[in-house]
Amino acid sequence: MKLENNTILITGGTGGFGLEFASKLIALGNTVIITGRNAEKLQEVKTKLPAVHTIQSDVSKAEDIISLYDVVTRQFPELNILINNAGEMRKLSLHQNHDLQDITREIEINLIGPIRMVQQFLPHLKTKKSAAILNVTSGIALMPFPISPIYGASKSGLRSYTKALRVQLKNTDIKVIELVAPGSSTPLNDKFKNEDGFSANALMAPDKIVDAAIKGLQNDKEEIYPGLAKLMRVMSRLAPEFMLSQAAKMGASTMYKNQ
Ligand SMILES: NC(=O)c1ccc[n+]([C@@H]2O[C@H](COP(=O)([O-])OP(=O)(O)OC[C@H]3O[C@@H](n4cnc5c(N)ncnc54)[C@H](OP(=O)(O)O)[C@@H]3O)[C@@H](O)[C@H]2O)c1
């Protein structure tokens, strides 16, 4: 699809991939609206990137999605692209006690959030001649990831949902795209830097991932696999148990003790 003169809503646009998407898509001549929970971070982005529009909104809250829809469709009726990017990733030992609300946080942000966003915005997107929904999953959607078990489940779920959504929307003008992002040097990964078996060298720069995503969108790709995600795709099919055994090494010495 053409990536100019679109109106694009990006959840989680104050850092990492979301911010890269915002600045690159504005540079290409699109109107861009970003969300995030933190008002100060939104203001900082607005100062650095005056063309961006910012709205404070938490994608894990249904009531925030309803009011986001009201504001966006009133102020930006031309909205035709939704990028479900907001996400959180924790390393988490299941041996420890966890509050039953908090344990599912990544499911609420990374999976239920995009499902609700799509449900809320779909009737509006259907009115557009050319529209798209881009869901940001992960290489970790292709395999279990023991050090972040809830995150892995949220991204596998989002991948499954995205494939089903594409089938259901096949007779509409809405394209459904999955960005299967590999590990990247964004704040999301800061907590993993010293973890056993974690290699910061394997991380791809977020701007390169977003460049690949933009190229994929322009070339009408349904699934985009930048950098190592291509290899993970092949390996997770050919040798799923090997992939799990490699992932299981991360954090093994510190996190999985029966305590
Ligand atoms: N970095 C990686 O290695 C990697 C790899 C594969 C896939 N991904 C995926 O790529 C996406 C972006 O990740 P990133 O690395 O760019 O993360 P990041 O640098 O931590 O940025 C996350 C963004 O999401 C926002 N956010 C988090 N929770 C939110 C919520 N409940 N409602 C609205 N906004 C929320 C954050 O702002 P506030 O905190 O202010 O809300 C921030 O703007 C995520 O879906 C992530 O799972 C990342």
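Is Ser57 buried or exposed? In this predicted model, Ser57 is buried, because its relative accessible area is 7%, which falls under the 20% cut-off for that class. The residue is found in the loop that runs between strand 3 (53–56) and helix 3 (62–75). Leaving aside residues up to four places away in sequence, Ser57 touches Thr35, Gly36 and Arg37, together with Asp64 and Leu68.

Helix 4 (residues 105–126) packs with helix 5 (residues 149–168) at an angle of about 15°, and the axes of the two helices are 7 Å apart. Helix 4 is therefore roughly parallel to helix 5, since angles under 35 degrees are placed in that class. The crossing of helix 4 and helix 5 is right-handed. On the side of helix 4, the contact is made by Glu106, Ile107, Asn110, Leu111, Pro114, Ile115 and Val118, while helix 5 contributes Ile150, Tyr151, Ala153, Ser154, Lys155, Gly157, Leu158, Tyr161 and Leu165. Sorted by class, the residues in this contact of helix 4 with helix 5 comprise eleven nonpolar, three polar and two charged.

The side chains of Asn110 and Ser154 are joined by a polar contact of 3.2 Å. When residues up to four places away in sequence are not counted, Asn110 touches Ala86, Gly87 and Glu88 as well as Tyr151, Ser154, Lys155 and Leu158.

Another helix pair is formed by helix 7 (residues 228–238) and helix 8 (residues 240–247), which pack at an angle of about 115° with their axes 5 Å apart. Met232, Met235, Ser236, Arg237 and Leu238 of helix 7 make this contact with Pro240, Phe242 and Met243 of helix 8. By class, six nonpolar, one polar and one charged residues take part in the contact of helix 7 with helix 8.

Asp220 is located in the loop between helix 6 (206–218) and strand 7 (223–224). With a relative accessibility of 44%, Asp220 counts as partly exposed. Although Asp220 and Met1 are 219 residues apart along the chain, their C-alpha atoms are separated by 6.0 Å. Asp220 touches Met1 and also Lys175, again not counting residues up to four places away in sequence.

Methods. Residues numbered from 1 in each chain as written. Predicted model: local features only at pLDDT ≥ 70, side-chain atom pairs only at ≥ 80, totals over all residues. Heavy atoms only, no water. Axes fitted to C-alpha atoms, helices over the stretch in contact; angles between N-to-C directions. Helix = DSSP H or I, 4+ residues; strand = E, 2+ residues; numbered from the N terminus. Parallel < 35°, antiparallel > 145°, perpendicular 65-115°, else oblique. Left-handed = near helix turned anticlockwise from the far one by under 90°. Contact = heavy atoms within 4.5 Å. Nonpolar A, V, L, I, M, F, W, Y, C, P; charged D, E, K, R; others polar. Polar contact = N/O pair within 3.5 Å; in protein donor to acceptor, adjacent residues only side chain to side chain. Buried < 20%, exposed > 50% of the residue type's maximum accessible area, 1.4 Å probe, protein only.
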